[in-house]
Amino acid sequence: MSKIKLFVLKEDISCAIGILHDAGLLHVEQIHLSKIMEQRGVLRVVLSPEEEKERLNYETLLKELNELISLLPKSLPVEGIEFMQRLKENSSGELSNIVSGELKPKFRSFTKEIASLKEELKSLPQYKQVLESFQVLKRELKPKQDYACLALIFDKSYEKDMQIFKRHMEDKTKASLELYTAALDSKKIVSLLFYPPQIFRQIDEEIFKKGTKKLELPRNLLSQPLNEAIKYIESRLKEIPQAVEVLNRAIDKFIKENLSLIYTLKTTALNRLEEIQVRANFLESKYTAVISGWLPTKDLKRLNQDLEKSLGENFIIYDRTRFVNKRDIPVLLENPLALKPYELLLRLLSPPRYGTMDATSLLSLFFPLFFGLIVGDIGYGLIFLVTSLCLKKSPKFFIRSIGSILFAVSLSTIFFGFLYGELLGNLGKDYLKLPHILFNRHESIIPFLILAVSVGVFHIVLGFLLGIIESWRKRHKKEVMEKISILAGLAGLFLLVASIMKILPSGFLPPSIVLLVVVTILLIFLRGFLGPLEIISAVANILSYTRIMALGLAGVMMANIANHIGGLSENIFIGVILASLLHALNLILSVFSPTIQSLRLHYVEFFSKFYEPGGKKYNPFRKMEVRECILLH
Amino acid sequence: MHTLALAIGAALAVGLCALGTGYAQGKIGSAGMGAIAEKPEVAGSVIVGIAIPETAVILGFVVATMIILLVK
């Protein structure tokens with residue numbers, strides 16, 4: 001990485017920002033403004049009133065576009081959507097006019113119409129039920145002209161109260177009301193109350209106090225005979241779904257025709273807003289502006305050429321790399337395409353410091369291994385494999401990455417499934433006579449424990465070795481000595497325990513004691529009196545890998561229990577369903593628990609030996625593409 | 001009697017560890033959910049943090065398993 005300071009003329013700052021944005025190489029950093037600089041007339045760049053107005057315009061535009069986008073369906077076709085070049089030079093005002101003048105009103109009219117039709121569809125069956133109640137009585141309703149109607153539905157026992165209510169309202173409002181009552185069903189009564197529209201509020205208040213369910217009947221239903229009104233409702237009930245379908249198709253067509261426009265507007269607004277906001281990181285004097293940032297050293301020449309094309313000789317790039325603190329250098333992880341998905345798993349930690357080891361390749365090797373060791377079932381592995389192939393087809397990078405990781409994990413699970421001889425638990429052994437090439441996990445608990453601890457020993461020792469290499473590269477001799485001492489301490493402890501347990505000849509006992517004493521003294525010298533505790537800490541880290549055995553055993557027991565419960569049922573179909581449900585539960589647990597525990601083993605036990613987090617991610621100032629904008633949706 | 005003692009020991013080994021783990025994860029989980037509500041990006045770290053106390057119950061399970069093997 002190179003750190004540069006770019007000096008341009010003040011009048012060229014917008015042009016320079018545009019070139020930097022197009023190039024997408026510079027990780028812009030805010031320049032610290034010291035008192036000396038201020039005394040010499042250097043200030044932080046402040047937005048002019050016009051720029052401030054533009055910023056507000058773009059923020060408002062983005063808000064409106066986000067509102068519009070929130071109404072779009074969640075899954076959008078990514079193919080065929082292109083950036084509309086004709087809008088490239090439009091001002092913020094012109095872009096806002098397109099949204100507020102063309103897009104929003106049209107879309108809102110569609111959605112409003114659909115909402116209104118759906119509301120009508122919801123109300124019509126209730127109207128029909130009310131009118132049918134009166135049709136049974138063979139009574140025609142003849143309300144006064146211009147009277148509005150409320151249908152009140154209440155319990156049969158309150159029938160007489162309605163007459164009292166009518167008289168009370170007539171007294172209160174001095175208006176003439178009409179009341180028609182019919183049975184809605186065996187328990188409920190419906191009363192149609194006709195009233196002059198101007199007293200609606202008073203009636204509504206009284207009804208609200210009584211807590212009665214009300215329904216406002218449209219005037220057009222009551223102005224015709226009951227049976228015609230009912231026929232009209234029935235025909236509307238058939239027409240409305242078709243009308244909604246037509247409107248939905250119209251919306252789909254509108255969206256498809258305008259998707260490129262909507263996302264071009266959003267991408268343009270986001271990019272322009274970023275170009276305005278980035279100015280806050282710059283400094284300016286009377287004639288020049290200064291931009292500071294980082295970029296990969298190999299791209300410095302290209303940036304120089306891009307700036308030369310537009311600015312000629314009116315710029316200077318100072319390379320400030322030799323004056324920087326290595327801790328401040330942003331980090332760009334460059335991994336092969338096959339390993340890129342594993343960078344997602346590392347996102348839970350901060351990036352490694354510049355110049356230190358990138359653990360992505362190690363994670364890509366050991367994470368599937370641990371997962372396979374824990375789950376180790378051919379059946380579950382095949383399900384993961386099929387799922388991963390589906391996920392890998394997604395247009396979203398995140399989902400494709402999960403698919404790639406799941407693919408590797410499924411292969412490891414199938415491989416260990418063969419070694420353990422497990423297919424959906426003990427079904428492989430019982431029906432397909434699968435051999436236990438390694439061991440039967442259900443019965444061989446101690447061998448599985450030894451395997452888990454051995455994996456732990458290998459992983460932790462590898463971690464220490466990598467830590468020694470890292471410390472050697474940084475010329476930290478003390479750290480190198482510490483790590484070698486801890487490794488020697490582990491070796492001594494192993495020899496001691498093995499000699500006592502007679503796994504190794506007793507001749508190893510004296511050298512192991514001597515080694516431990518030497519290592520203890522060395523660690524006290526290097527790290528103080530608590531230094532020897534590091535050996536115990538390393539032993540605890542190794543023992544932490546016994547979770548591989550614990551989780552694996554729990555998983556295989558769950559699978560066997562699922563098969564056992566399925567087998568208890570006399571009906572084969574019920575048995576299969578029961579077993580499938582339990583296997584499904586075990587499958588879900590088999591995804592989460594091994595993932596989290598495998599990651600935990602990496603983050604806590606393995607990475608603590610060599611990984612140095614605390615790096616800053618390289619985040620270049622670059623233009624967003626339309627496709628990226630859609631995938632964010 | 002010896003078998004009974006071993007069985008009780010195994011049950012206590014995993015049961016008490018599970019109680020401690022459950023208590024710890026309950027506290028971490030509720031605090032974690034509050035953090036996620038304010039800052040959804042920390043969800044991954046919170047999930048890993050909730051998993052950290054599982055070491056206790058896993059080691060308890062291992063000890064219980066080894067005790068059960070003694071019974072056999």
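## Salt bridges, a pocket and a surface patch

The side chains of A:Arg55 and A:Glu52 come together in a salt bridge, with 2.4 Å from N to O. Because the two residues are three residues apart in helix H3 (residues 49-70) of chain A, about one helical turn separates A:Arg55 and A:Glu52. A:Glu52 is partly exposed, with a relative accessible area of 28%. Please keep in mind while reading that this is a predicted model.

How many salt bridges does a search of the whole structure find over all chains? The count is 27. Three of them, including the pair just described, are set side by side here.

| Salt bridge | N to O distance |
|---|---|
| A:Arg55 and A:Glu52 | 2.4 Å |
| A:Lys483 and A:Glu479 | 3.8 Å |
| A:Glu605 and A:Arg600 | 2.8 Å |

The second pair also sits within a helix. A:Lys483 and A:Glu479 are four residues apart in helix H15 (residues 477-500) of chain A, so they are separated by about one helical turn. Is A:Lys483 buried or exposed? With a relative accessible area of 14%, A:Lys483 is buried, because buried means under 20%.

### The largest pocket

Now for the empty space. Rolling a probe the size of a water molecule over the atoms shows where such space is left. The largest pocket has a volume of about 1400 Å³. Its lining is made up of 34 residues, and those lying nearest the centre of the pocket are A:Arg347, A:Lys617, A:Asn619, A:Arg622 and A:Glu628.

What kinds of residue form the lining of the largest pocket? There are 21 nonpolar, four polar and nine charged residues. Three helices of chain A, namely H8 (226-277), H12 (397-420) and H20 (626-632), each supply at least two residues of this lining. The largest share comes from H8(A), which gives five residues.

### A nonpolar patch on chain B

Turning to the surface of chain B, which residues form a nonpolar patch there? They are B:Met1, B:Leu4, B:Ile8, B:Leu12, B:Leu16 and B:Leu19, and together they have about 680 Å² of accessible area. One of them, B:Leu12, belongs to helix H1 (residues 2-38) of chain B. B:Leu12 has a relative accessibility of 46%, so it counts as partly exposed.

Why does B:Ala31 count as exposed? Its relative accessible area is 53%, and exposed means over 50%. B:Ala31 and B:Val46 are 15 residues apart along the chain, and 9.0 Å separates their C-alpha atoms.

On chain A, A:Gly567 is part of helix H18 (residues 546-568). A:Gly567 is exposed as well, with a relative accessible area of 58%. Between the C-alpha atoms of A:Gly567 and A:Ala579 there are 8.1 Å, and the two residues are 12 residues apart along the chain.

Definitions and conventions: Residues numbered from 1 in each chain as written. Chains lettered and ligands numbered in written order. Predicted model: local features only at pLDDT ≥ 70, side-chain atom pairs only at ≥ 80, totals over all residues. Heavy atoms only, no water. Patch = residues over 30% accessible without salt bridge, like charges linked within 9 Å, V, L, I, M, F, W, Y side chains within 5 Å. Areas by Shrake-Rupley, 256 points an atom, 1.4 Å probe, with all protein chains shown as cover. Salt bridge = Lys/Arg side-chain N within 4 Å of Asp/Glu carboxyl O. Buried < 20%, exposed > 50% of the residue type's maximum accessible area, 1.4 Å probe, protein only. 1 Å grid on protein atoms, 1.4 Å probe; cavity = no way out; pocket = protein on both sides within 12 Å on 5 of 7 lines; lining within 4 Å. Points joined across faces, edges and corners; volume = space filled by probe spheres on them. Nonpolar A, V, L, I, M, F, W, Y, C, P; charged D, E, K, R; others polar.
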